[in-house]
There are 2 protein chains.
Amino acid sequence: MAEPVGPGGTVGILGGGQLGRMLAMAAARMGLKARVYAPEADPPAGDVCPATRGAWDDAAALAAFAATVDVVTLEFENVPLATLDILAPLVPVRPGRQSLAVAQDRLSEKRFLNAAGVRTAPYAPVEDAGTLAAALEAVGLPAILKTRRLGYDGKGQVRLTTAADAPDALAALGGQPAILEGVAPFVRELSVVAARGLDGAIRAYDPVENVHRGGVLRRTTAPAAVDAETAARAVALAETILTGLDHVGVMGVELFHMPDGALLANEIAPRVHNTGHWTLEACAVDQFAQHLRAVCGWPLGDPARHADATMENLLGDEADDWRRLAAAPGAALHLYGKGEARPGRKMGHVTRLRPRSRALRVD
Amino acid sequence: MAEPVGPGGTVGILGGGQLGRMLAMAAARMGLKARVYAPEADPPAGDVCPATRGAWDDAAALAAFAATVDVVTLEFENVPLATLDILAPLVPVRPGRQSLAVAQDRLSEKRFLNAAGVRTAPYAPVEDAGTLAAALEAVGLPAILKTRRLGYDGKGQVRLTTAADAPDALAALGGQPAILEGVAPFVRELSVVAARGLDGAIRAYDPVENVHRGGVLRRTTAPAAVDAETAARAVALAETILTGLDHVGVMGVELFHMPDGALLANEIAPRVHNTGHWTLEACAVDQFAQHLRAVCGWPLGDPARHADATMENLLGDEADDWRRLAAAPGAALHLYGKGEARPGRKMGHVTRLRPRSRALRVD
């Protein structure tokens, strides 16, 4: 196994948003230095570490960046694979190509999951009106037509409730390769945030329960209100996925908990995850530190939860209410330093802690 | 009351050591920007925010720094008062002159404490052999001769066990104005880390128990093993001190718990405090965020402890053991990014969490 990147070493982070910012802060807590590479000017992470502005296909800028860091990681899964291919001969890149290739394409993702023995909602690939008709036949209604690539936070998705919605749905996606997914009538949405180390060891935080609205995460409750057996199954699925991808770093695995108890994988994110932000206050080693431990080859930290927590995202102008939010008992307020509060933009989050429940609550 | 410095505002920090570094990281979590001003090149805080290198008496550099920030605070109490006097007309400086003036001079500190009704060990001022003889008469033996100014972490102190030690002790201090302090035969050392807001509100963390070696903090245990009445008295003393100084920000108040139950104040530090580092993991709002809330005019946060904790400093080459330290269950490892591990230098700390004790343990 490669030598670890120890204290004093430098971690390069692809992407400069709030996840990169929180990774850079975790690096500083651990005595590591951080640098981000991002296409935009003044990224949020640039407040807490040096930032290089560069395009994803600028080989010279990427090489110069690689020369200043000891390992490269990323804060979002849509970094082009070609970017990784430029960097990989120059510096270790963790997680690697496979985790991103699978996560960047909803069809590859579903096929990987099923091949690994992880169940999903029914799905079928869609290229045009003919394949959409066949997909509707196979998947049933209601269903969601999603672009295979570059969708996030509910973007690039159209819901179909009748077959008559098909033409408009196809038009809305503008002919991009797509996937039709059946709507899973879930009882609750769960996620598992877990890390896999360079040595293959896996540590998972307790499964949590999530509420999305309009495709955007609103609230995470830790732990999820599921019994111990369900929690263990959820963690086992995450372990299967991380090992199957030879993933290094943190990954977020979103699951649907079905009325019959089954767990269906919804999607995976090969990076620190919004549903893991609660670990900043409720765990001795949070997801950002854990991710850095993994990509730097450190021993993974203890994921034990020492408090229960509820995390709520602050979207758009909700963060303007910071004075009231800051005054709430037991609340930790995080703001991401973003200038413009566009509607729906993630501007910060609030985590409220509660005494640790003795055991997982029974469903 | 002045308008708060809200998200997007900039906090200037005088001093760039590990406390400034942790303050700057707390600022980033809160959506504030930070800048440090420090006399040395490459201060630890410079990894996480812009750093201005300047002397404490460089009025032009200080004015330029003041022009880039919305409020100034400090990470160490020996910032010259003349520096504050340059800054104060230009930008709010919190805490203010009075807190520093008292904390910079051990004699002023003791006199302030006694005048506020807070007991201390016996003491007497020392200028020369004659006043030392008189002081020994008044204070008794054993005693410690300390410089009035600029002592920290056990520096500038000599212990006297017999009157015959007097000439060497005086010589060791090189004629600096000094104070002779009686050695308090304490049962334990306690401290209270508390914050006072711009509105005068006070929030105290649970009193903690400290172990020093060679004048340097080794370990803090939260909470202290004292009964509720003692803890309440300790907090009340801290409140008296913070209010008496019209202090704004966090303050560390070190106390001796005596065999008869009395609490004697040892010293005060008008800043975030090494004995408050455990709050980073064990409280929703840690001492660094709390300090910034105070100096920025935000509502103070909830200081409730949701886990018990033990914090150990890593001195000198102890931090070289980071791989083993990182692997310990329940341990959060903090490293300060300092290059040179001089003997006794504070290089990092480790906090271990335990489930929250239901109530304070009874002595």
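These legends describe close-up views of a predicted model.

**View 1. The contact between chain A and chain B.**
In this predicted model, 40 residues of chain B are in contact with 40 residues of chain A. On the chain B side, at least two residues each come from α1 (18-29), α11 (322-327), β16 (331-335) and β17 (346-355). Strand β16(B) gives the largest share of that side, with five residues. Sorted by class, the side of chain B that touches chain A has 23 nonpolar, eight polar and nine charged residues.

**View 2. Domain 1 and domain 3 of chain A.**
The domain assignment divides chain A into domain 1 (10-93), domain 2 (122-182) and domain 3 (188-355). Taken over C-alpha atoms, the centres of domain 1 and domain 3 of chain A are separated by 22 Å. Their contact takes 19 residues from domain 1 of chain A and 16 residues from domain 3 of chain A. On the domain 1 side, α1 (18-29) and β4 (71-74) of chain A each supply at least two residues. Helix α1(A) provides the largest share of this side, eight residues. The side of domain 1 of chain A that touches domain 3 of chain A consists of 12 nonpolar, two polar and five charged residues.

**View 3. Strand β17 of chain B and its partners.**
Strand β17(B) has 10 residues, and eight of them are buried, so the strand is largely enclosed by the rest of the structure. A residue counts as buried here if 20 or more other C-beta atoms lie within 10 Å of its own. Strand β15 (residues 307-315) of chain B pairs with β17(B) in the antiparallel sense, over nine bridges. In one of the bridges to β17(B), Leu315(B) has Lys346(B) as its partner. Strand β16(B) also pairs with β17(B) in the antiparallel sense, over five bridges. Ala332(B) stands opposite Thr351(B) of β17(B). Strands β16(B) and β17(B) are also among the elements that supply residues to the side of chain B that touches chain A.

**View 4. The buried face of helix α4 in chain B.**
Helix α4(B) covers residues 97-104, and its buried residues are Ser99(B), Leu100(B), Val102(B) and Ala103(B). Seen down the axis of α4(B), these residues fall within an arc of 165 degrees, so they line one face of the helix. An α-helix has 3.6 residues a turn, so residues three or four places apart point the same way. The buried residues of α4(B) pack against α3 (81-87), α5 (106-115) and β14 (263-269) of chain B.

Definitions and conventions: Residues numbered from 1 in each chain as written. Chains lettered and ligands numbered in written order. Predicted model: local features only at pLDDT ≥ 70, side-chain atom pairs only at ≥ 80, totals over all residues. Contact = placed C-beta atoms within 7 Å. Helix = DSSP H or I, 4+ residues; strand = E, 2+ residues; numbered from the N terminus. Nonpolar A, V, L, I, M, F, W, Y, C, P; charged D, E, K, R; others polar. Domains from an automatic or database assignment. Buried ≥ 20, exposed ≤ 12 C-beta atoms within 10 Å, placed from the backbone. Pairing = 2+ DSSP bridges. Arc of directions from axis to C-beta.
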